[in-house]
Amino acid sequence: MCGIVGYIGTQAATDILISGLERLEYRGYDSAGVATVEEGQVNCVKAKGKLLKLREKLEHVVSKAQIGIGHTRWATHGKPEEHNAHPHLNSARTLAVVQNGIIENYLELKEELISNGVEFISETDTEVIPHLISQFLANSTSLLEAVQQTIAKLEGAFAIAVVSADHPYELIVARQQAPLVLGFGQGEFFCASDMTAILPHTRTILTLDNEEIAKLTPLGVEIYNFAGDRVSRFPRTLDWNPVQVEKQGFRHYMLKEIYEQPAVVRICLDNYLNPNWHADEDPDYSPINLGLSPNLTDNLEHIQILACGTSWHAALVGKYLLEQVADIPTTVDYASEFRYSPKPIIANTLTVGVTQSGETADTIAALESERARRANLEPKRQAKLIGITNRPESTIAQIVDRVIDTHAGIEIGVAATKTFIAQVMGFYFLALDLAYRRKTISNSKIGEIIAGLRHIPSQIETILDTQADAIEELAHDFTTETEDFIFIGRGINFPIALEGALKLKEISYIHAEAYPAGEMKHGPIALLDNKVPVVAVAMPGSVYEKVISNAQEAKARDARLIGVTTAMNATEAAHTFDDVLTVPEVDELISPVLAVIPLQMLSYHIAAIKGLDVDQPRNLAKSVTVE
Ligand code: AGP
């Protein structure tokens with residue numbers, strides 16, 4: 001996490017850095033800072049808290065500097081205090097460094113530096129970097145060389161940007177496992193943790209590879225690998241529209257992103273459904289266009305999915321689909337667990353990494369280790385990797401054999417909404433593609449499921465149009481005294497209960513747990529009384545009656561019961577539930593994408609009414625790029 005940004009060119013650097021940091025604030029927001037170089041001096045301004053605080057401090061600072069670096073922090077080493085905020089400087093205050101990542105051997109390096117007489121100001125791991133560069137510069141006139149020598153001593157995953165008063169026309173950046181992109185303008189160059197920071201200035205982008213270091217000057221960019229060899233790389237031009245990252249009149253990004261979901265599903269359908277496919281025609285003409293080559297899909301005996309957080313919930317829906325529709329045994333693991341306790345190797349396994357950002361450190365590491373441990377095995381045990389991601393230009397794309405782009409557009413709210421729906425859509429397509437290739441269900445059944453998928457956008461619109469006011473009103477009941485929530489669901493909708501609970505926790509700070517409804521009586525039911533509302537995801541289908549019975553058991557313990565069910569069931573459900581959130585009639589297999597919408601909205605309204613920072617909840621960051 002943390003966001004870094006850098007600029008060198010002809011414009012006032014501070015404004016560009018601050019506007020870049022605004023776009024990176026989702027990566028961390030406990031403190032921020034900028035350092036610029038002007039008239040032979042490094043000027044550094046930092047502030048604890050949100051970027052607004054830094055802005056206020058900079059209001060009266062007049063700077064014409066045309067080079068600088070900026071940082072927005074998510075604390076790892078050292079509390080969120082001003083002295084721990086980046087940039088960090090060397091003792092002579094002649095050079096400044098920002099870092100995203102973790103320097104794992106910083107204690108050892110710090111002790112060494114202290115024994116050489118260096119005084120530290122912060123508790124961060126990063127501060128060793130400017131001091132090391134400074135030491136190397138004592139014997140070198142090249143900033144690039146001093147940074148290279150410093151990097152050789154660093155262990156961990158990091159991206160850094162460095163400016164120096166003694167080298168006022170150079171911005172040095174480097175990447176080791178943490179993301180960093182370069183932007184190319186007319187006589188000006190940018191760097192950032194995420195291209196969204198750069199997009200207002202240029203769409204000509206180059207993603208730095210691992211173990212690359214670059215020197216940006218007003219005249220151009222030179223890239224080297226860590227071994228010191230010059231690397232020849234070409235930037236590419238993006239077709240992203242910066243307007244996608246504006247709030248467009250919505251009070252919060254999260255609300256805007258909830259309302260974008262019908263459009264996102266439409267884009268996914270347009271991209272991955274073959275419009276000319278008919279159930280009774282050419283058997284070799286696939287209904288799905290994922291572009292997966294036969295060597296990834298033939299003879300599969302097992303699928304293993306690796307993900308974190310909301311992406312893990314999407315993976316659980318995926319598991320249900322891959323097993324029930326494509327008939328392939330599927331496991332889902334937290335990437336953070338899998339990387340340290342990988343499962344025994346099964347032949348003919350397809351590994352699917354799910355990550356909206358494409359940068360989650362644990363997911364990336366788990367996929368990399370999976371590829372490495374299978375590398376020298378017989379062909380059928382070797383890794384076949386695909387990624388489901390919203391950022392096809394991100395790190396995951398460099399690891400997997402094929403990316404399924406979820407096409408959700410940039411998501412700014414820390415709480416994932418539209419990217420979750422898009423990931424689940426990715427799993428529908430994957431399951432249908434495999435089911436078609438393996439003939440596990442009939443073409444007419446595939447046709448029925450596709451027809452159901454095509455209805456999703458208008459059905460989500462119906463929920464948004466008809467339920468928004470009622471959900472907002474209901475939300476008022478939980479904004480003052482409610483401290484705990486329980487969510488229950490079964491089968492394909494158990495992951496929706498998990499996702500509903502996660503959304504509520506992360507933005508409203510209300511404790512919420514989700515259980516498979518049938519598990520309540522094995523322990524968690526002891527938690528229930530009239531102070532703990534229970535949300536039951538009760539979508540008609542194979543387990544509907546079971547969920548209703550489990551909900552009744554909760555009601556018998558005085559819990560206030562909120563049901564998510566279909567409109568046709570609403571009258572019957574009114575006998576069970578105290579409050580009913582209705583969604584349109586839908587087949588059970590498609591129901592998760594509708595059931596999750598009222599839960600997203602309920603969480604959103606509870607948090608918004610409580611006056612909380614919906615888009616940037618405390619302690620969180622959008623992209624978890626540290627372990
Ligand atoms: C979702 O609301 C969360 N903010 C979080 O759980 C997120 O899904 C998780 O960090 C994984 O992120 P990724 O999809 O970018 O890998």
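Reply: Let us begin with Glu39, which is exposed, its relative accessible area being 77%. Exposed means over 50% relative accessible area, buried means under 20%, and partly exposed lies in between (1.4 Å probe, protein chains only). Glu39 sits in the loop between β2 (31-38) and β3 (41-48). Helices (H or I, at least four residues) and strands (E, at least two) are DSSP runs, numbered from the N terminus.

Me: What should I bear in mind about the model and its numbering?

Reply: The model is predicted: local features need pLDDT of at least 70 and side-chain atom pairs count only at pLDDT 80 or more, while totals for chains, interfaces and linings use all residues. Residues are numbered from 1 along each chain as its sequence is written, and side-chain values use heavy atoms, with hydrogens and water left out.

Me: Which peptide bond is cis?

Reply: The bond from His86 to Pro87 is cis, with omega near -5°. Pro87 belongs to the loop between β4 and β5.

Me: How many residues of helix α4 are buried, and what covers them?

Reply: Seven of the 10 residues of α4 (residues 128-137) are buried, so the helix is largely enclosed by the rest of the structure. The buried residues are Val128, Ile129, Pro130, His131, Leu132, Ile133 and Leu137. Their cover, judged by contact (heavy atoms within 4.5 Å), includes β5 (88-89), β6 (95-103), α3, α5 (143-151), β7 (156-164) and β8 (167-176).

Me: Which residue pairs with Glu82?

Reply: Glu82 forms a salt bridge with Lys57, the closest N and O atoms being 3.0 Å apart. Glu82 is in the loop between β4 (67-73) and β5, and Lys57 is in helix α2 (residues 51-58), so this pair links distant parts of the chain, 25 residues apart. Both ends count as partly exposed: Glu82 at 37% relative accessibility and Lys57 at 38%.

Me: Is Glu212, the partner of Arg233, buried or exposed?

Reply: The side chains of Glu212 and Arg233 meet in a salt bridge at 2.6 Å, N to O. Glu212 lies in strand β12 (residues 212-217) and Arg233 in the loop between β14 (230-231) and β15 (236-237); this pair links parts of the chain 21 residues apart. Glu212 is buried, with a relative accessible area of 5%, whereas Arg233 is partly exposed at 26%.

Me: Where do Asp401 and Arg371 lie?

Reply: These two side chains, Asp401 and Arg371, form a salt bridge at 3.0 Å, N to O. Asp401 lies in the loop between α12 (395-399) and β20 (402-405) and Arg371 in helix α11 (residues 361-374), so the pair ties together parts that are 30 residues apart in sequence. Asp401 is partly exposed, with a relative accessible area of 41%, and Arg371 is partly exposed at 28%. Elsewhere, salt bridges that share partners join Asp194, Arg391 and Glu393 into one network.

Me: What is in contact with Thr417?

Reply: Thr417 lies in the loop between β20 and α13 (418-438) and is buried, with a relative accessible area of 0%. Leaving aside neighbours within four places in sequence, Thr417 is in contact with Met254, Glu257, Ile258, Gln261, Glu411, Lys503 and Gln600.

Me: How far apart are Tyr436 and Ile288?

Reply: Tyr436 and Ile288 are 148 residues apart in sequence and 8.7 Å apart in space, C-alpha to C-alpha. Tyr436 is found in helix α13 and is buried, with a relative accessible area of 5%.

Terms used:
A salt bridge is a side-chain nitrogen of Lys or Arg within 4 Å of a carboxyl oxygen of Asp or Glu.
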